[in-house]
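Please look over the sequence and the coordinates shown below before going on to the notes.

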Amino acid sequence: MAAVAPLHDQPERLAPRRSTPGQADRRPMSRVTDPALRGAADRATPRPVLQVVPRRRRAASIVATSSVILFGLLLGAVAFQTRIAQNQLALDTTEHAVKDARARYDVLRRARAELRSPNRLSVEATRLGMVPATNSAFMTISAQTVARMTATAGWLTRNVAENTISSFDQFGVVKAVAGDAP
Amino acid sequence: MVQRPVERKAVRSRAYVPGVFRAGQPHRRLIALFVLTVLVFGAVLTRVTILQTADASSYTLAGAHQRTQETVLRASRGVIFDRNGDELALSVPATTIFVNPKLVGDPATTAAALATMLQLTPERQQALADAISNKDKGFVYVARQIDDKTASSVMALKLAGVDSYPESTRVIPGGDLARGVIGRTDTDGKGTAGLEQQYDAVLTGADGELVRQHDRAGRSIPGSGTVTLPAVPGRDIVSTIDRSIQFTLEQALLARASELGARGGTAVVEETTTGNILAMASVRRDDQGVYHVTTANVGAVDSYEPGSVAKVVTIAAGLNEGVVTPDTTLRVAGKIVYNSGTPWEFTISDAEVHATQPMTVHEILVHSSNIGTIGVSEKIGPERQYDYMTAFGLGQRSDLNFPGESKGILKPWQQWQGTEKVTPAYGYGVAATAIQLIGAVNTIANNGVYVSPRLVQATIDKAGKMQPAAPSATRVVVTPQTAQEMNLIMRDVVCNGTATRAQVDGITVAGKTGTGIKAIGGQYATVAKDKAYYSSFVGFFPAEAPRVTTLISIDEPPAGNIDRFGGTAAAPVFQAVVPTIMHQLGIQPPTTNGGCPKK
């Protein structure tokens, strides 16, 4: 984009063209060679001298590119910081969730233990009208009865029997994962 | 150019005219301003330099302190499990309420509000009001380790100066179940009794620390969260206690002690081959006549004269030494008077009045003859008697190593004087804990091998892995043949002797009763109705292949009636708990010949 001289510069640039006694001899004679036209030329409005301003495209593009890169970097930094903040927030939330879950796990474990407590079961059974047995008797079940029940209900399959998980196993799994998470 | 000095002079000579501003002399002012600016910037620069150099560390610390929060990560205390994985004691989240008196405007009102919410007694309310009135303090506990729901209700009041923080608390989900064995912790979570105390180092983890930087709202600053030291949870304990057996035992003891009007009772159930204590209970009558499960593990910390249960040791020693056989016949008097006619005269008699008569060793034990047992003891001598008593575990603390455990009383045989040389043979002049006594009889059940009792069979580490405890120490005390002979005699004690009320239908039980007279103030009462008894039964089953040994003791059953004996006071409790034990352990009775022979 060529630079254009501002309009208010025109009088200054025209100044050297004004006729002064000292400068009259320095005017190029070739400008108006026809004497007939000289008067008309002198009467015409002085025209500005147009000069070609040196092009600055390269510098401008460097500045523009740098600006874009800088802007991009700043934008990236902001986005990165925002992402970190988001992740930290998510981390805080997850930590709280783990803590709450751990606390809830302990509370539920307590509730389960209390519900399974022989004391509670005894009270509940008494409330339902049950009484402790006064004696016990062992019976021998005939092989025929055992066979009939087996045919009816079937044996416990190996798959089912071996896939039972003990209370200790369950606890161990949770402890190994959660431990003392802060 | 010529007129300039005139103009300057004219300017200088201008008089001050109010309301008219003139330019003055900017040169000096500019110099003054420059100097002032230099000085100010110099001062600022100097201060900045000092801040960045000499004072840098302190301000860095202060700044870090302002935005850094150091949180102690409390390590969770390990759980105490029973042998089946049911929780006997565990820590659960709770909340502690405190107050900063300096921030409280009206202490009385605040105390009243807190007392209402927390159901404090008037005395406690007044004490709290007094504490809050003391403005010198900045922290006063209101309630520690209360449940979160109550704490939320208190905090919802938004009382000035009242705040809370999370703090775990120790609970026993089973109520009083096995509390004597489990023990307790103080409010700071340190074990002060029972297994909680004994295994405090195992159960207690290592606290950690979380250092994080936070903003004004308390939110952590992105990328600044750092766990500097993670908390290490305490290890969990897998006890040998079976919760169902423990409950059954406690209930049976409570029922029997209450039925008899006894002072209390103690019972222990032990797995024969491993020494694992499956249940350990004691009950006591309070001043109001109400029976409770005790907080102390009486079975380990109290010792008493075992009475006739100790005859198991003496007869086994005689058989093992070869001085008698089960069929050896001794002439047994009805009573023996020692130091006759002297101030130290002492009469020993059998519980069953009889004249001098021949009795086999088998009969001596079945009918629990004191005189007959002394006869066997005299054949082996006091030194060997003492050796066998210590080999059976008497007079020394067991490997249980329970806090406050008693080692009982057993003087070295060289110090035995007068009748002390014979009374230990039938359980007097010697004191034993329930743990010692069951260990001694369990040696017979375990084919002559003493096995140390234990209450913990494993721990669970921080990775959730179970680490089995070392097996109980064992030692051979008598030969398998001697143990088998004793086993047969003790079966007869249950079927035909003093412990018929310990019989269980379909199951062969072997055992021995004991009725010790308690010394009150160092003296034995001479009048029958004033005597205080300690009546016991120790038995094991199935006698053919013993799995479980059980001791039942009733403290001070009624002195005046038939229920004062081990066979009448204690044996019925044994009979009541055996079915539950069999069910829990999956013990199946033999299909034939189980129990006592039909007559």
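Among contacts in chain B between residues at least 6 apart in sequence, how many join residues at least 24 apart? In this predicted model, the share is 72%.

- Chain A contains seven helices and zero strands, and its elements follow one another from the N terminus as α-α-α-α-α-α-α.
- Of the 182 residues in chain A, 3% are buried.
- Chain B holds 17 helices and 28 strands.
- Of the 599 residues in chain B, 46% are buried.
- The C-alpha trace of chain B extends over about 165 × 55 × 50 Å along its principal axes.
- The radius of gyration of chain B is 40 Å, whereas a compact globule of 599 residues would have one near 25 Å.

**The contact between the chains**

- Chain B brings 42 residues to the contact, and chain A brings 30 residues.
- On the side of chain B that touches chain A, the elements giving two or more residues are β3 (87-92) and α10 (243-260) of chain B.
- β3(B) gives the most to that side, with four residues.
- By kind, the residues on the side of chain B that touches chain A comprise 21 nonpolar, 14 polar and seven charged.

**A sheet of chain B**

- Six strands of chain B form an open sheet with antiparallel pairing, in the order β15-β14-β13-β28-β27-β26.
- The edges are taken by β15 (291-293) and β26 (510-517) of chain B; each has a single partner strand, so one side of each has no neighbour in the sheet.
- On average, and with direction ignored, neighbouring strands of this sheet are turned by 10° against each other.
- Within chain B, strand β13 (residues 264-271) and strand β14 (residues 277-285) run antiparallel and are joined by seven bridges.
- A267(B) has A281(B), in β14(B), as its bridge partner.

**Helices on the sheet**

- α10(B) lies across β13, β14, β15 and β28 (548-555) of chain B, and runs at about 30° to β14(B).
- Helix α16 (residues 480-496) of chain B also packs on the sheet, where it touches β26 and β27 (533-541) of chain B.
- The direction of α16(B) makes about 65° with that of β26(B).

**Helix α15 of chain B**

- Helix α15 (residues 434-445) of chain B has twelve residues, which at 1.5 Å a residue should span 16 Å; the end C-alpha atoms are 16 Å apart, in agreement with this.
- α15(B) is mostly covered, with twelve of its twelve residues buried.
- Just after α15(B), N447(B) adopts a positive phi of about 60°.

**A residue of helix α2**

- T46(B) is found in helix α2 (residues 26-52) of chain B.
- Is T46(B) buried or exposed? T46(B) counts as exposed, because 10 C-beta neighbours lie inside 10 Å.
- T46(B) and L195(B) are 149 residues apart along the chain, and their C-alpha atoms are separated by 66 Å.

Technical notes
Residues numbered from 1 in each chain as written. Chains lettered and ligands numbered in written order. Predicted model: local features only at pLDDT ≥ 70, side-chain atom pairs only at ≥ 80, totals over all residues. Expected span 1.5 Å × (residues − 1). Buried ≥ 20, exposed ≤ 12 C-beta atoms within 10 Å, placed from the backbone. Contact = placed C-beta atoms within 7 Å. Nonpolar A, V, L, I, M, F, W, Y, C, P; charged D, E, K, R; others polar. Pairing = 2+ DSSP bridges. Axes fitted to C-alpha atoms, helices over the stretch in contact; angles between N-to-C directions. Rg over C-alpha atoms; globule rule 2.2 N^0.38 Å.
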